[in-house]
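Biologist: Could you take me through one part of this model up close? I'd like a connected walk through a single region.

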Amino acid sequence: MGTKLHIGLDLDNTIIDFDEAFGAAGVETGLLAPGHALATKEQVKAHLRSGPDGDTTWMRLQGQVYGRYIGMARLFEGVGDFLKTARGHGARISIVSHKTRHGHFDPDRINLWEAARDWLEGQGFFAADGFDLDPGDVHFCETRARKIERIGETGCRAFVDDLAEVLNDPSFPSNVARIWFAPHQSADAGNGLTPHRSWAEIAAAMATEF
Ligand SMILES: [Mg+2]
């Protein structure tokens with residue numbers, strides 16, 4: 001094989017599984033009553049947004065989960081195996097994330113980019129005996145438009161994202177294969193994209209590329 005495969009990955013809800021973090025962090029911060037600790041992200045979102053000032057409360061909790069409470073989030077099941085396989089074949093991995101530098105309404109002004117980098121480091125993303133990514137291949141972008149531009153700049157050949165809106169954006173680079181990670185979404189939400197229900201499905205779909 002000549003050119004090494006270069007794969008781009010989204011971060012939030014693609015690599016990082018926040019599903020169990022929202023309920024737990026919501027209770028911890030007092031934004032949710034104790035009975036909601038085990039609620040999923042979608043359940044928490046629906047519950048908070050139905051209340052007074054719901055959108056603001058939801059954004060406030062997001063700012064906390066992506067910052068102070070990011071330690072409650074897990075590596076998505078199957079990501080580790082995928083990365084081991086990809087890196088074992090010499091593939092380069094870039095991460096391109098749309099994330100504001102600070103969480104909305106966060107009085108402590110936690111730097112979400114640093115929190116995410118620390119989380120990745122803690123999961124072995126930059127360790128030689130871990131996934132061994134180059135820290136310079138992790139990019140944070142303030143806007144979705146900048147993220148899409150950045151995906152093109154990395155030179156990756158395929159990009160994995162949970163948001164169909166990103167992959168279907170008219171400015172998404174046409175020479176990058178679009179891989180939709182959709183563990184929970186209905187297939188219609190992809191507007192023609194093929195849903196991959198798990199990282200094992202993504203690994204199988206990409207196996208011929210390695
Ligand atoms: Mg995402």
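Which residue stands opposite Pro195 of strand 8?

Modeller: Happy to, and please keep in mind that this is a predicted model. The residue you are asking about is Trp180, which stands opposite Pro195 in strand 8. Let's start from strand 7, which covers residues 177–181. Four of the five residues in strand 7 are buried, so this strand is mostly covered.

Strand 7 pairs with strand 8, made up of residues 195–196, through two bridges, and the two strands run in the parallel sense. Strand 7 also pairs with strand 6, residues 158–161. Here four bridges join the strands, and again they are parallel.

Helix 8 spans residues 199–206 and packs with helix 4, residues 79–88. Their axes lie 8 Å apart, at an angle of about 20 degrees. Because the angle is under 35 degrees, helix 4 counts as roughly parallel to helix 8. The crossing of these two helices is left-handed.

If you want to see who makes the contact, look on helix 4 for Val79, Asp81, Phe82 and Thr85. Helix 8 contributes Trp199, Ile202 and Ala203. Sorted by class, this contact between helix 4 and helix 8 has five nonpolar residues, one polar and one charged.

Key:
Residues are numbered from 1 along each chain as its sequence is written. This is a predicted model: local features need pLDDT of at least 70, side-chain atom pairs count only at pLDDT 80 or more; totals for chains, interfaces and linings use all residues. Axes are lines fitted to C-alpha atoms, for helices over the stretch in contact, and angles run from 0 to 180 degrees between N-to-C directions. Angles under 35 degrees count as roughly parallel, over 145 as roughly antiparallel, 65 to 115 as roughly perpendicular and the rest as oblique. A crossing is left-handed if the near helix is turned anticlockwise from the far one by less than a right angle, and right-handed if clockwise. Two residues are in contact if their C-beta atoms, placed from the backbone, lie within 7 Å. Ala, Val, Leu, Ile, Met, Phe, Trp, Tyr, Cys and Pro count as nonpolar, Asp, Glu, Lys and Arg as charged, and the others, Gly among them, as polar. A residue is buried if 20 or more other C-beta atoms lie within 10 Å of its own, exposed if 12 or fewer, and partly exposed in between; C-beta atoms are placed from the backbone. Two strands pair if DSSP finds at least two bridges between them.
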